[in-house]
Amino acid sequence: MKTTDTILIIDLEATCWDGRPPRGQESEIIEIGVCMMDVKTGKISQNEGILVKPQYSSVSPFCTELTSITQKMLDEEGILLEDALDILRAEYDSEELTWASYGNYDLNMLQSQSRRFNVDYPLSDQHINVKTLFGELHPGIRKSVGMSRALGELNIPLEGTHHRGVDDAKNIAKILYWCMQNS
């Protein structure tokens, strides 16, 4: 895979429920956690969480407990998905850079939400699945593991709030950097 000198790391949070979604609601992106990682040094920059206001669902108590994101936060600070994707293009050069996420959830969710809201997909075709890569490279892992466990295996403390995109993007970058040093 052709990789760029800087890799864009994406971690999404979405509306979720303890069980099935209520009638008429569906899982939607509520945060795009993002950072840039320098391939040579592992240095992380431009780390932010872009809050996205859901159009067809609301944040459940379960979702707030998991992510710490509230409906009030999204009502006050959230922007439309289309505007959030424009930020990725304008501020992160997202269509040109290799990008990475932990697993394929983020890739699939961005593709389906782009179709759902009839907006242009904002990322390049160069995607690194850090979960799969870590599973292939770490000698003690025989199957894919969650991000928190991967950090534990590497003796890297989980920084920030787990299930907040802004923090998880940085944590994923640390795992990816380890993978690149050990491949």
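Within strand 2, Met-37 is the bridge partner of Ile-7. This contact belongs to a predicted model, and the pairing in question links strand 1 to strand 2, the latter spanning residues 29–38. The two strands run in the antiparallel sense and are joined over 9 bridges.

Strand 1, which comprises residues 6–14, also pairs with a further element. Strand 1 is mostly covered, with 8 of its 9 residues buried; buried denotes a relative accessible area under 20%.

Strand 1 likewise contributes to the largest pocket of the model. The space in this pocket amounts to about 310 Å³, and 18 residues form its lining. Nearest the pocket centre are Asp-11, Leu-12, Glu-13, Tyr-105 and His-163. Two or more lining residues come from each of strand 1, helix 1 (61–67), helix 4 (105–116) and helix 6 (147–153). Of the contributing elements, strand 1 gives the most, supplying 4 residues.

By residue class, the lining of the largest pocket consists of 7 nonpolar, 7 polar and 4 charged residues.

How values were computed: Residues are numbered from 1 along each chain as its sequence is written. This is a predicted model: local features need pLDDT of at least 70, side-chain atom pairs count only at pLDDT 80 or more; totals for chains, interfaces and linings use all residues. Side-chain values use heavy atoms; hydrogens and water are left out. Buried means under 20% relative accessible area, exposed over 50%, partly exposed in between (1.4 Å probe, protein chains only). Two strands pair if DSSP finds at least two bridges between them. On a 1 Å grid over the protein atoms alone, a cavity is a set of points where a 1.4 Å probe fits but cannot get out, and a pocket is an open set with protein on both sides within 12 Å along at least five of seven lines; lining residues have an atom within 4 Å of a point. Grid points are joined across faces, edges and corners, and a volume is the space filled by probe spheres set on the points. Ala, Val, Leu, Ile, Met, Phe, Trp, Tyr, Cys and Pro count as nonpolar, Asp, Glu, Lys and Arg as charged, and the others, Gly among them, as polar.
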